[in-house]
Amino acid sequence: MITENQLYINDLKSVMNEPLPWDKIDGSSVLITGANGLIASFFVDCLMYRNKTLNGNIEVFALCRNKEKSENRFKSYLDNNSFNLIIQDVCEPLNLNVKFDYIIHAASNAHPMAFAAYPVETMRANILGSINLLEYAKKYNPEKFLFVSSTEIYGRNNSGLNNGLKEEDCGYIDCANIRSAYPESKRASETLRVSYGKQYGINTVSVRPGYIYGPTIQDDNTRADAQFIKKAVDGENIVMKSAGNQLRSYCYVSDMVSAMLYVMLLGENGGAYNIANKNCAVTIREFAETAADIAGVKVVFENPGDIEKSGYSLIGNGVLDAGKLESLGWSAKVNLREGLKRTISIR
């Protein structure tokens with residue numbers, strides 16, 4: 001079980017060591033949607049680790065769609081009174097009567113094959129999911145509503161080629177391309193949460209992650225970096241299906257979750273914050289070569305299939321400027337090589 005791995009425990013400890021106003025979250029109730037996911041599952045583990053080791057007394061509500069999968073992922077918490085598993089589709093209104101102090105909307109398809117095969121479901125999870133959760137927030141007025149957006153909302157954009165994309169940058173997204181189901185619905189959801197905030201007085205924030213990786217990444221994730229990691233863990237050659245020249249901002253999952261906590265506890269009402277490690281802006285090929293070197297395998301090249309190509313991101317520049325986030329006191333701790341070593345070792 002991942003939560004018993006000492007390297008993983010060390011990652012959880014590193015988040016607990018952040019100089020945050022923990023008193024704001026200790027004793028609170030937190031709803032996390034998409035709790036099985038790469039980012040959200042680590043977030044759940046952090047809160048439960050705080051309860052176990054630092055008497056956080058946080059009531060955690062993990063909302064997941066797949067009962068079997070979620071019970072397996074969180075089986076060590078099922079008998080814990082501070083953990084609540086909610087099985088439902090976020091596209092349906094929440095039939096609950098709990099005043100959550102914090103709501104984190106992280107439920108979304110998040111990999112290329114899902115975008116290509118299920119574009120409607122991708123849009124529904126982001127847009128309808130946001131509406132349902134914001135309606136719930138309108139009723140109960142939580143301390144903060146946090147939406148997990150994406151670097152893809154910047155579209156095709158050359159604004160930050162030299163220093164990284166800032167939160168105010170805007171790029172082109174072809175709304176007639178099926179691949180746009182993901183970035184367009186993330187954009188719409190950001191506008192929804194700002195609109196609900198303005199009209200109904202809800203305290204909302206967004207985070208825009210770069211390319212997040214770590215040991216909580218799921219086997220069915222078809223994103224290129226996820227597949228590189230899977231191959232490395234299995235001791236197989238890493239297969240690249242493009243030249244891999246696109247620049248990306250990578251960030252290890254523990255840094256991602258600590259950043260979310262900074263934004264949740266210290267972020268400006270209505271604000272949006274990029275999450276990226278400024279020392280991990282590399283090409284997709286460099287990411288693959290680093291993983292291959294750690295695992296002692298090679299990088300080989302193949303042509304992609306048609307369905308794979310239809311799910312590919314059209315973004316060439318995916319480098320983010322995280323200066324706004326860093327102004328809150330956050331800084332990334334894990335460099336690319338160390339993060340990949342931990343990921344491969346833990347998995």
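Let me start with a term: two strands count as paired if DSSP finds at least two bridges between them. Keep that in mind as we look at this structure, which is a predicted model.

Let's begin with strand 9, residues 247-252. Is this strand enclosed or open? Five of its six residues are buried, so strand 9 is largely enclosed by the rest of the structure. And who are its partners? Strand 7, residues 211-213, pairs with strand 9 in the parallel sense, over three bridges. Here you can find tyrosine 211 standing opposite tyrosine 250 of strand 9. Then there is strand 11, residues 281-283, which runs antiparallel to strand 9 and is joined to it by three bridges. In that pairing, arginine 248 has valine 282 of strand 11 as its bridge partner. Strand 13, residues 317-318, is parallel to strand 9, with two bridges between them.

Tyr211 and Tyr250 belong to one aromatic cluster, together with Tyr213, Phe228, Tyr252 and Phe287.

How many aromatic pairs does a search of the whole structure find? The count is 14. Take phenylalanine 74 and tyrosine 77: their ring centres are 6.2 Å apart and their planes meet at 25°, so this pair is stacked. Phenylalanine 74 is buried, at 0% relative accessibility, and tyrosine 77 is buried too, at 10%. Another pair is phenylalanine 115 with tyrosine 182, where the centres are 4.3 Å apart and the planes are at 20°, so these rings are stacked as well. What I like here is where they sit: phenylalanine 115 is in helix 4 (residues 112-117) and tyrosine 182 is in helix 6 (residues 181-200), so the pair ties together parts that are 67 residues apart in sequence. Both of these residues are buried.

Lysine 138 lies over the face of tyrosine 200, 4.5 Å from the ring centre. Likewise, lysine 324 lies over the face of tyrosine 273, at 4.7 Å from the ring centre.

Now for the nonpolar residues. In soluble globular proteins, nonpolar side chains tend to be buried together. Here, the largest nonpolar core has 75 residues, and Ile25, Val44 and Met260 have the most contacts inside it. What does valine 44 touch, leaving aside its neighbours within four places in sequence? Its contacts are Ile32, Ala35, Val60, Ala62, Phe74, Tyr77 and Phe83. So you meet our stacked pair again, Phe74 and Tyr77. Apart from this core lies another, of 19 residues, including Tyr136, Ala137, Tyr140 and Leu192.

For contrast, let's visit valine 120, in helix 5 (residues 119-140). Valine 120 is exposed, with a relative accessible area of 54%.

I'll finish with two asparagines in loops. Most residues other than glycine have a negative phi. Asparagine 55, though, has a positive phi of about 50°. You'll find asparagine 55 in the loop between helix 2 (38-54) and strand 2 (59-64), and at 67% relative accessibility it counts as exposed. Asparagine 141 also has a positive phi, near 50°. Asparagine 141 is in the loop between helix 5 and strand 5 (144-148), and at 46% it counts as partly exposed.

Definitions and conventions
Residues are numbered from 1 along each chain as its sequence is written. This is a predicted model: local features need pLDDT of at least 70, side-chain atom pairs count only at pLDDT 80 or more; totals for chains, interfaces and linings use all residues. Side-chain values use heavy atoms; hydrogens and water are left out. Helices (H or I, at least four residues) and strands (E, at least two) are DSSP runs, numbered from the N terminus. Buried means under 20% relative accessible area, exposed over 50%, partly exposed in between (1.4 Å probe, protein chains only). A nonpolar core is a set of buried Ala, Val, Leu, Ile, Met, Phe, Trp, Tyr and Cys residues joined through side-chain atoms within 4.5 Å. Contact means heavy atoms within 4.5 Å. Rings of Phe, Tyr and Trp (its six-membered ring) pair if their centres lie within 6.5 Å; planes under 30 degrees apart count as stacked, over 60 as edge-to-face and the rest as tilted. A charge sits over a ring if NZ of Lys or CZ of Arg is within 6 Å of the ring centre and within 35 degrees of the ring normal.
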